[in-house]
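Trainee: Please take one part of this model and go through it closely. I would like the ligand site and what surrounds it.

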Amino acid sequence: MTKRALITGITGQDGAYLSQLLLDEGYEVYGVVRRSSHLGVADHRLRWLGIADQVQLIDGNLSDLSSLVRIMRDVKPGEVYNLAAQSFVASSWQQPILTGNITALGVTNVLEAMRLTDTDARFYQASSSEMYGKIQEEKQSETTPFHPRSPYAVAKLYGHWITINYRESFGMHASSGILFNHESPLRGVEFVTRKVTDGVARIKLGLANELRLGNIDAKRDWGHARDYVRAMWLMLQQDTADDYVVATGVTTTVRDMCRIAFQHVALDIEKHLVIDPAFYRPAEVEVLLGNPGKARTKLGWEPETNLEDMIKEMVDADLARLSQ
Ligand code: NDP
Ligand code: GDP
């Protein structure tokens, strides 16, 4: 029988790569898309991967339980991947209530839609390393205590625990993937890696002269989205649901990540990088470093792309995009 998956957040970075993986695995792929006045732009990432006409998009919203119940009834998926969120940390201080409504309560809406429609579908929740925030251990694992530092991280922590709660309360096959930062040419341009690769490409092409960033001493454990969506899928192929950290186990400063991008196109970082306090955050997560030991042992998961190769791929993609 054909396997059928439903993805919320299908128009985002991870939704696009996960769709590609599931199509390759022979799934029928359905995605929830929120209504927008900008016709035809929602699926640009799916089009970039050349798979837009292979997935089915359905009108719905994470804040509208009735739309999710209708979608669950119509699609009858065997696997549900909840990737939709207000996902940008900096915006979560500007829109804390919306962030709570979508990134936190939206998870309960999806879980309730599944419970109310009596489905045996398996559930994946997109949890985040931002939940560790002010880190309590040098390398963060599934047992490290959390200390969220933004309205986004607080909302993700709710999503993480409600997933565990539905697993314990109702016996649902509900897993939470605590994913560290993952990037790609499809990453939103507001996030630091893509802001850097897009900015460097613009400077190289003579379209800009400077790149303005905030705290470049912050450290992140960056991986490639293509590798990370494989971990999501592997979690739902296990007999029992569980929680997993997905990371590379290597942490790098924003400054050094920038250097890779500038060096790739033979530009001098000192001439173009400007520190702008406007990009500082009210509370910062200074360092994140994941321990992916459990994912490696239990899921057999390994990342395939390192930071340097990923940043080069992103710069090249931005150069190609801007040259068109
Ligand atoms: P994106 O920001 O690229 O995608 C977010 C998706 O959520 C988009 O498809 C967006 O739709 C959708 N969405 C937002 N609000 C709603 C709503 N009210 N109803 C329905 N859909 C909505 O995120 P990523 O792909 O990078 O990340 C996927 C998930 O993983 C997110 O939950 C994120 O928080 C989490 N995560 C990401 C990490 C990363 O490094 N990328 C790390 C850890 C967790 P639209 O296109 O209309 O905006
Ligand atoms: P996050 O880890 O989910 O917040 O991912 P981001 O890519 O948005 O930010 C990663 C780190 O880069 C954070 O510590 C930011 O403070 C830092 N950073 C420094 N300058 C910038 C900037 O101009 N934009 C963004 N988005 N982050 C920046």
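Mentor: A backbone N or O atom of Ala85 lies 3.2 Å from an oxygen atom of ligand 1. That is a polar contact, a pair of N or O atoms within 3.5 Å. Leu83 also has a polar backbone atom 2.8 Å from an oxygen atom of ligand 1. For His182, a polar backbone atom is 2.8 Å from a ligand 1 oxygen atom. The protein covers 88% of the 910 Å² of accessible area that ligand 1 has on its own (Shrake-Rupley method, 1.4 Å probe).

This is a predicted model: local features need pLDDT of at least 70, side-chain atom pairs count only at 80 or more, and totals for chains, interfaces and linings use all residues. Residues are numbered from 1 along each chain as written, chains are lettered from A and ligands numbered from 1 in the order written, and side-chain values use heavy atoms, without hydrogens and water.

Now the shell. Ligand 1 is surrounded by 23 residues, and the closest are Thr11, Arg34, Asn61, Ser87 and Tyr152 (a residue is near if one of its heavy atoms lies within 4 Å). By class, the shell has nine nonpolar, 10 polar and four charged residues. Here Asp, Glu, Lys and Arg count as charged, Ala, Val, Leu, Ile, Met, Phe, Trp, Tyr, Cys and Pro as nonpolar, and the others, Gly among them, as polar.

Strand 5 gives the most to this shell, with three residues. Helices (H or I, at least four residues) and strands (E, at least two) are DSSP runs, numbered from the N terminus. Strand 5 (residues 122-128) pairs with strand 4 (residues 79-82) in the parallel sense over four bridges; pairing takes at least two DSSP bridges.

Terms used:
A polar contact is a pair of N or O atoms within 3.5 Å; within protein, one must be able to donate a hydrogen and the other to accept it, and residues adjacent in sequence count only if both atoms are side-chain atoms.
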